Amino acid sequence: WHFGIDSFKHPIPELVPMNPMTAVALMSAAISLLLLINSPQKDIRFRFGKVLALCTVVIGGLKLLLVFTGLDVGVDHWLYKSKIFNELINNKPNRIAANSALNFIFIGTCLLLFRSHGKQTIYISNFLVILTASIALLSIIGFTFGAHSTSEIRPFIPMAFLTAICFLLMSIGIFCAETDR
């Protein structure tokens with residue numbers, strides 16, 4: 001976004017580009033996963049990983065606040081506001097998709113529950129990971145076969161193709177990181 005390289009935002013020009021805050025939330029979740037995997041529970045890196053997971057949940061929650069209440073805190077356009085409003089998708093500015101916001105809450109919650117004890121916590125985390133992967137797979141299938149109703153929630157913009165791939169990879173990463181439980 002900073003350098004205006006379109007092939008990084010959306011490698012297939014006719015598809016929806018990823019919103020910058022979506023990229024920030026995905027990076028936050030990925031770094032959180034790396035820190036949580038490689039750090040002992042009492043370490044500062046582990047705690048920082050939990051903070052990054054919380055940031056992911058907050059970004060998704062702020063977007064869903066707009067979806068359900070109409071209260072717009074502008075999380076979609078905190079970064080590169082003028083570029084986002086110039087990049088229209090179906091006559092709407094590039095915003096975080098509603099299903100992406102929901103996935104951020106699911107992924108962030110899984111990361112917050114990472115290495116928690118108790119069977120119910122493990123079941124909840126696994127359920128949320130599978131749900132996130134399912135939503136991502138539906139979007140990928142929708143883009144692949146042109147069935148756009150599987151990748152969007154009307155009247156909002158659809159999840160970006162790269163976002164769906166990232167959610168699927170994050171789901172696989174979390175699921176594999178917790179296979180010992």
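**Exercise 1.** Determine in which helix glycine 49 lies, and whether this residue is buried or exposed.

*Solution.* Glycine 49 belongs to helix α3, where helices are DSSP runs of H or I with at least four residues, numbered from the N terminus. This is a predicted model, in which local features need pLDDT of at least 70, side-chain atom pairs count only at pLDDT 80 or more, and totals for chains, interfaces and linings use all residues. Residues are numbered from 1 along each chain as its sequence is written, and side-chain values use heavy atoms, with hydrogens and water left out. The relative accessible area of glycine 49 is 0%, so the residue is buried (under 20% relative accessible area, with a 1.4 Å probe and protein chains only).

**Exercise 2.** Find which residues glycine 49 is in contact with, leaving aside its neighbours within four places in sequence.

*Solution.* With contact taken as heavy atoms within 4.5 Å, the partners of glycine 49 are Ser32, Leu35 and Leu36. Ser32, Leu35 and Leu36 are among the residues of α2 that make the contact with α3, and Gly49 is one of those on the α3 side.

**Exercise 3.** Describe how helices α2 and α3 cross.

*Solution.* The axes, which are lines fitted to C-alpha atoms over the stretch in contact, with angles from 0 to 180 degrees between N-to-C directions, come within 8 Å for α2 (residues 20–38) and α3 (residues 44–69), and they cross at roughly 155°. The two helices are therefore roughly antiparallel, a term for angles over 145 degrees.

Note on methods:
Angles under 35 degrees count as roughly parallel, over 145 as roughly antiparallel, 65 to 115 as roughly perpendicular and the rest as oblique. Buried means under 20% relative accessible area, exposed over 50%, partly exposed in between (1.4 Å probe, protein chains only).
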